[in-house]
Amino acid sequence: MADNIGHPSGDHLMTERIFNQIAHRYDFLNRLLSLGLDQYWRKQAISFLPKSPNLKVLDIATGTADLALMMAQRHDHIERVVGVDIAKDMLQIGRRKVKEAGLCDKIHLDTGDALKLEFPNESFDAVTVAFGLRNMPNQAEAVREMRRVVKPGGRLIILEFSMPKHPIFRLIYLAYFRHILPVVGGLLSGHYQAYRYLNQSVEQFDSSVLNKMQAYPLSLGIATLYVSDSVA
Ligand SMILES: C[S@@+](CC[C@H](N)C(=O)[O-])C[C@H]1O[C@@H](n2cnc3c(N)ncnc32)[C@H](O)[C@@H]1O
């Protein structure tokens, strides 16, 4: 691990700084480095949104708002999406995209810490997070906060990178992930450490906090979707 990076999930300020630094290249590199799969995974995630009318959704670690935008664009039954993130530069790009999509009346983005959500209990019909949980220093607390703000009968949807189980595919994937991704990501973003951090945080992510949720592996296990209903 690079000396000045620290534990991937251990430092709030570091996470904020990394995402602020790469914000301008984040969407482009996501598409490139995942070969477009990231949007397919987000589509799978939002297919699990509850079908009830006038849905209010909270998207934590919303970043540049890709998931928030996709759900608001594809699901007419969504009344409002609130996105929160600690990195203001990611949100700034998200706000521009929301404005360009003409969705300012439906999507509201704000700075906020997923570990201390500023919403009353039982405020949302669904709470989502895509590729954000592993960056948080206390993932159990983040899930507890998600459960606190979701209404009884509502749903949690968590999309996160995972390690493929098939041994040969895992080897190929790890070679790409450890050696190619940080170099390409580093060169194109100008922040090599940020893309080293990406592969380290994925490899170190302990998904046991999501054990009780229904897990759906995607794309041979490169990503996994976790879904859980809150008890009505
Ligand atoms: C890999 S990005 C994912 C962004 C977006 N959800 C997506 O699908 O592209 C991770 C995001 O998590 C945010 N983040 C990390 N820790 C956070 C926390 N404690 N509270 C809110 N956001 C956080 C980062 O600032 C970053 O924007």
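How does the radius of gyration of this chain, with its 232 residues, compare with that of a compact globule? The chain has 17 Å, which agrees with the value near 17 Å that a compact globule of 232 residues would have, where the radius is taken over C-alpha atoms and the globule rule is 2.2 Å times the number of residues to the power 0.38.

Before going on, let me say that this is a predicted model, in which local features need pLDDT of at least 70 and side-chain atom pairs count only at pLDDT 80 or more, while totals for chains, interfaces and linings use all residues. Residues are numbered from 1 along each chain as its sequence is written, and side-chain values use heavy atoms, with hydrogens and water left out.

Along its principal axes the C-alpha trace spans about 45 × 35 × 30 Å. The chain holds seven helices and seven strands, taken as DSSP runs numbered from the N terminus, with H or I over at least four residues for helices and E over at least two for strands. Their order along the sequence is α-α-β-α-β-α-β-β-α-β-α-α-β-β.

As for polar contacts, meaning pairs of N or O atoms within 3.5 Å, a ligand nitrogen is 2.8 Å from a backbone N or O atom of alanine 114. For alanine 130, a polar backbone atom is 2.8 Å from a nitrogen atom of the ligand, and for isoleucine 86 the corresponding distance is 3.4 Å. The protein covers 99% of the 600 Å² of accessible area that the ligand has on its own, by the Shrake-Rupley method with a 1.4 Å probe.

Note on methods: A polar contact is a pair of N or O atoms within 3.5 Å; within protein, one must be able to donate a hydrogen and the other to accept it, and residues adjacent in sequence count only if both atoms are side-chain atoms.
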